[in-house]
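Come along as I look things up.

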Amino acid sequence: MNSNSNEYNILLLPGDGIGVEVVPEAVRVMQSVAELCNFTLKYDEALVGGCAIDATGEPLPPETLELARKSDAVLLGAVGGPQWESLPMAQRPEKGLLGLRSELKLFANLRPALTFPALAQSSSLKLELVSGLDLLIIRELTGGIYFGEPRGVEENNGIRRGVNSYVYNEHEIRRIARVAFDMARKRNGRLCSVDKANVLEVTQLWRDVVIEVHAEYSDVSLSHMYVDNAGMQLVREPKQFDVIVTGNMFGDILSDVAAMLTGSLGMLPSASLNENNQGMYEPVHGSAPDIAGQGLANPLATILSVAMMCRYSLEQPQAADLIEQAVQATLDEGLRTSDIFTEGSIQVGTRDMTDSVLKNVLEIHGNGSGVRTNVS
Ligand code: NAD
């Protein structure tokens, strides 16, 4: 961790596929805003995922974990690819990611779903439903049914039976609820907690504890919704939401639904934080083996992940605003990678898209705009 409040240690984990293309581009943007906003970044780089398996035999080598523990923030590209898909589950690239999340105790996953005006046409929903959309899904990341015990598949008298356990204790619920109330307080003051309290006892406890924590946040309005209704409401009227908080599995599903409202996977950043605000920042998309190595990948999700890093782990909100405004300006100029290309716009690759973001960072900073504007 940094002792000097203006100097931060960043661990870069490009990973596999397009991860090695988008992370260096995002670093160019990160370095530029650091210089403009007067803070210093020190970088380490390490292996995770498939490339780590090839080099060391394991998806999360101890040296990588050690560097991650010492960092203020981690920027990860993506892991995985067809060449590692036949490995046993415990040795797959994704285990590297899960290992980082659990070892760093990254219990709060933040996934904004924000529609840039220039991209509202790319959504699968009608323009009026998504234009101006700006919601934040907060998913509990280290508990719930993905980690609960007992788990497994057993065979008795020739009949196989599979078991997973949906487990939360009140401490786990309380700390994610606090993150969610804090975020809602900084946004529009509305939190919706999603559960299945009519069927699952564990989520009745979830609801009870969220209501208890609400007593500390009387300025935030709290509502509750069953997960099936939440899925429906997200596609019926997504703008009714400000912040949604939910457990690991429901959050996994709802955040992907919300992702599609915004148009493209290549645009979506995410952050995973622990109790010290140390965070791992990564695009939501995977390693995209179908386009890897061709300079076609959209770097904006990773660049927007750097903006989240500046806001949540480095506490440099001005740098975060600068990046987000520069991305918006780039889209407004009509530049599009192939994943967000529409008739009449200008098709560019990974490098040109980043060059334009960098140019806009300099221009916006030169114009003295450091004030947060709502990018939607
Ligand atoms: P994917 O996100 O890699 O790709 C889905 C589709 O979206 C592909 O057509 C791809 O070309 C496109 N796409 C994704 N990101 C893009 C970008 N930045 N710019 C332009 N187009 C983009 O998902 P997948 O194909 O299901 O998975 C591929 C590999 O990635 C698998 O090995 C999977 O396990 C892994 N994966 C990793 C992560 C992660 O590291 N967090 C997440 C999801 C999938």
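Which strands does helix H6 lie across? A reminder to myself before I answer: this is a predicted model. I found that H6, residues 170–186, lies across S4, S5, S8, S9 and S10. I read its direction against S5 (134–140) and got about 165 degrees.

Next I looked at helix H8, residues 227–236, which also packs on the sheet. I noted that H8 touches S5, S8, S9 and S10. Its direction makes about 105 degrees with that of S9.

**The sheet**

I then traced the strand order. The sheet is open, has 10 strands and shows mixed pairing. I wrote the order down as S2-S1-S3-S12-S11-S4-S5-S10-S8-S9. The edges are S2 (40–45) and S9 (221–226), each of which pairs on one side only. From one strand to the next, I have the twist averaging 25 degrees.

S4 (residues 108–114) and S11 (residues 269–273) run antiparallel, and three bridges join them.

**The ligand**

How many residues surround the ligand? I have 22, and the closest are Glu94, Gly286, Ala288, Asp290 and Asn298. Sorting the shell by type gave me 10 nonpolar, seven polar and five charged residues.

I went through some contacts to oxygen atoms of the ligand. For Glu94, a polar side-chain atom lies 2.7 Å from a ligand oxygen. For Asp290, a polar side-chain atom is 2.8 Å from an oxygen atom of the ligand. With Gly81 the backbone takes part: one of its N or O atoms lies 3.0 Å from a ligand oxygen. As for cover, the ligand on its own has 800 Å² of accessible area, and the protein covers 69% of that.

Is the peptide bond from Glu149 to Pro150 cis or trans? I found it cis, with omega near 0 degrees. Pro150 lies in strand S6, residues 148–156.

The other spot is Asn38, where phi is near 65 degrees, a positive value in a residue other than glycine. I placed Asn38 in the loop between helix H1 (19–36) and S2.

Technical notes. Residues numbered from 1 in each chain as written. Predicted model: local features only at pLDDT ≥ 70, side-chain atom pairs only at ≥ 80, totals over all residues. Heavy atoms only, no water. Pairing = 2+ DSSP bridges. Helix = DSSP H or I, 4+ residues; strand = E, 2+ residues; numbered from the N terminus. Axes fitted to C-alpha atoms, helices over the stretch in contact; angles between N-to-C directions. Contact = heavy atoms within 4.5 Å. Near = heavy atom within 4 Å. Polar contact = N/O pair within 3.5 Å; in protein donor to acceptor, adjacent residues only side chain to side chain. Areas by Shrake-Rupley, 256 points an atom, 1.4 Å probe, with all protein chains shown as cover. Nonpolar A, V, L, I, M, F, W, Y, C, P; charged D, E, K, R; others polar.
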